[in-house]
Amino acid sequence: MGLLGRLTWFCAATLICGVAFADPPPVGIAEGVKSVLIKEEKTKDGVLTVHDNNLFVQCLGSHFLPAWRCEAAGFEGQPWLHHVLTPERQALLATIGFKPDPQFGNFILMVPKTTDVDTLAALILRVLTDVYAVKPEDIDVKAEWLPFRRCHRRIMAGHDLGGAILTPTFGFKKDGGKGCRLESDTDAQNYDDPAAIIPAARGIDVDARYLPAMTNELSRVERADKALKAYVIFITGPAYVQCLRGDGADDGMYCEAVSEDAVGKPIERILTPERKAKLTQAGFAPPGKVMNYSRFYPAGQYDMPRLAKVLLGILKDVYGYQGAPPMKVHTETGAEHPLVP
């Protein structure tokens with residue numbers, strides 16, 4: 001799945017300044033506020049991260065700050081949020097009190113430490129639900145203590161939760177930026193490659209060649225122990241689709257189809273408005289919650305042969321795959337090899 005900004009005070013008139021709320025916030029958010037923000041230690045900083053995947057509000061409590069510093073996910077760390085943060089939603093975020101911070105690329109609000117627990121919890125909830133369109137039941141709350149630092153490491157741009165303070169539970173140690181300032185990941189946005197024009201492979205029946213092998217890989221992921229966190233990525237040049245087994249009660253498959261935000265120009269040239277429309281018609285949600293287009297396939301509705309046919313159809317109809325270059329597969333083992341020898 002960021003926090004250190006300028007010490008500027010904002011007051012969101014409808015939230016911070018004492019107006020009551022109709023619905024109480026989820027208990028987890030309020031408990032998080034109590035455990036790492038209300039409570040203060042001289043040698044540690046409290047970090048509260050409330051998020052649904054990469055849509056986050058993160059608040060820092062530190063004895064050297066006169067206020068709680070809260071940040072909402074922004075474009076610098078996660079450029080694909082332009083799918084979510086429409087001008088109207090940015091205006092709502094500004095109305096609530098969050099302002100763009102050029103140093104870190106997120107939206108920042110300094111919340112007075114005199115603010116009561118439920119008011120701050122409701123503020124965080126409103127930002128996530130009204131601005132980022134997160135469902136309350138999908139919210140995850142992480143309340144953590146970090147050793148005191150004036151500049152905490154952040155997750156680098158271009159990753160899920162890009163721009164957030166790096167904490168142990170995020171598992172992004174290799175991606176952690178050094179120091180306070182977020183380093184922009186411009187390469188992913190400006191990358192250009194002739195491979196974006198996918199040539200046709202002469203004399204190849206794409207379905208006959210790849211459907212059995214794709215079915216076998218998907219079945220392997222479906223049968224794997226959940227603790228293994230098995231996944232498969234089908235790679236066709238600059239395009240790819242990837243799936244992993246659902247981690248909830250439903251044993252379906254969670255799948256993603258690559259977006260231009262993940263790869264840059266090669267996919268941007270392929271994903272015309274008409275092809276994006278095909279993805280949404282196929283039930284894929286646009287980037288925002290995650291970097292790619294995404295969909296969950298329930299186990300009771302999709303067996304693996306059917307899912308393989310759907311995914312290969314997306315590679316062909318959306319990304320223009322015609323058999324060249326040869327499809328590769330990448331799995332949780334870290335190995336990448338031709339799908340069909």
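1. Arg126 has a relative accessibility of 23% and therefore counts as partly exposed, a class that lies between buried (under 20% relative accessible area) and exposed (over 50%), computed with a 1.4 Å probe on protein chains only. Because Asp130 and Arg126 are four residues apart in helix H3, about one helical turn separates them.

2. On provenance, this is a predicted model, in which local features need pLDDT of at least 70 and side-chain atom pairs count only at pLDDT 80 or more, while totals for chains, interfaces and linings use all residues. Residues are numbered from 1 along each chain as its sequence is written, and side-chain values use heavy atoms, with hydrogens and water left out.

3. Helices are DSSP runs (H or I, at least four residues), numbered from the N terminus. Of the 15 residues of H3, 11 are buried, including Val117, Leu120, Leu123, Val127 and Val131.

4. At the start of H3, a side-chain oxygen of Asp116 comes to within 3.2 Å of the backbone nitrogen of Asp118. After H3 comes Ala133, which has a positive phi, near 60 degrees.

5. The salt-bridge count by this rule is 11. In one of these pairs, the side chains of Asp207 and Lys316 meet at 2.7 Å, N to O, linking distant parts of the chain, since Asp207 belongs to helix H5 (residues 206-223) and Lys316 to helix H9 (residues 304-317), 109 residues apart. Asp207 is partly exposed at 28% relative accessible area, and Lys316 is partly exposed at 27%.

6. Which helices does the pair of Lys276 and Glu260 tie together? The closest N and O atoms of this salt bridge are 2.8 Å apart; Lys276 lies in helix H8 (residues 273-281) and Glu260 in helix H6 (residues 260-263), so the pair ties together parts that are 16 residues apart in sequence. Glu260 is buried, at 10% relative accessible area, whereas Lys276 is partly exposed, at 25%.

7. Finally, Asp52, Asp138 and Lys289 are linked in a network of salt bridges.

Terms used. Helices (H or I, at least four residues) and strands (E, at least two) are DSSP runs, numbered from the N terminus. A polar contact is a pair of N or O atoms within 3.5 Å; within protein, one must be able to donate a hydrogen and the other to accept it, and residues adjacent in sequence count only if both atoms are side-chain atoms. A salt bridge is a side-chain nitrogen of Lys or Arg within 4 Å of a carboxyl oxygen of Asp or Glu.
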